[in-house]
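Hi there,

Here is the model I said I would pass along.

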Amino acid sequence: MSQFTAIMARLKYIERWALMRSSRSENLSEHSLEVAMIAHLLCVIANVRYGRSLDEGRAALMGMYHDASEIITGDLPTPVKYFNPQIRDAYKGVESAAEETLLSTLPDDLQARFRSAFGLAGEDGKDAAEREGEAYLRRLVKAADKLSALIKCLEERSAGNSEFVTAEASTRASLERMAEGLPELRDFMDEFLPSYGHTLDQLL
């Protein structure tokens, strides 16, 4: 008997933005799907427009599972997680242990495939180009995660909630820095981001 899928189903019970007053709550299942879709789109843009050869499907999978460890750890607020280097490094260790715990609930013959989906595949046997591509893909998944956070801020502001104003400014500034080396992120911010906050009638 494997408990993996039953545990993963608990993503919907993990609430994000615990320190903030939200007009609408957001759970980890919603966030993970959004990150997966954005990561996939960023990779498509990279491949089509910038000559990359990234695995678009793997980007989506990594986005889908990127916060799976929080089923065990909970969503530690960003100000706490990055309060100082010691806390940041300690939390990374906790996250890694949680991911290993989740993977251990899979049948042995399936674990290697899911290690890849979790972004934990090793570098053994990869040439320099493959390692560079892997590092770039990880940067895009991280950018997708940050974009999802910014979208949440935009939606809250659109709903008249000023609680997220500071978070919006700091998240946007972080994305601007990231975009200096990721042209596909710049494309997303220029072409896709402005539509958020509009009504369905306006979008269609």
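How much accessible surface does the protein chain have, and what share of it belongs to carbon and sulfur atoms? The accessible surface is about 11,300 Å², with 54% belonging to carbon and sulfur atoms (Shrake-Rupley method, 1.4 Å probe).

Some housekeeping: this is a predicted model, where local features need pLDDT of at least 70 and side-chain atom pairs pLDDT 80 or more, while totals for chains, interfaces and linings use all residues. Residues are numbered from 1 along each chain as its sequence is written, and side-chain values use heavy atoms, without hydrogens and water.

On the fold, the protein chain has eleven helices and zero strands (DSSP runs: H or I of at least four residues for helices, E of at least two for strands, numbered from the N terminus). Of the 204 residues, 40% are buried, meaning under 20% relative accessible area with a 1.4 Å probe, protein chains only.

Now the pockets (open sets of points on a 1 Å grid over the protein atoms alone, where a 1.4 Å probe fits, with protein on both sides within 12 Å along at least five of seven lines; lining residues have an atom within 4 Å of a point). The largest pocket is lined by 39 residues, with D67, K81, Y82, K142 and D145 nearest its centre. Helices that each supply at least two lining residues there include α6 (85-103) and α8 (128-158).

S23, H31 and K152 are among the residues lining the second largest pocket. Here α8 gives the most, with five residues.

Happy browsing!

Key: Buried means under 20% relative accessible area, exposed over 50%, partly exposed in between (1.4 Å probe, protein chains only).
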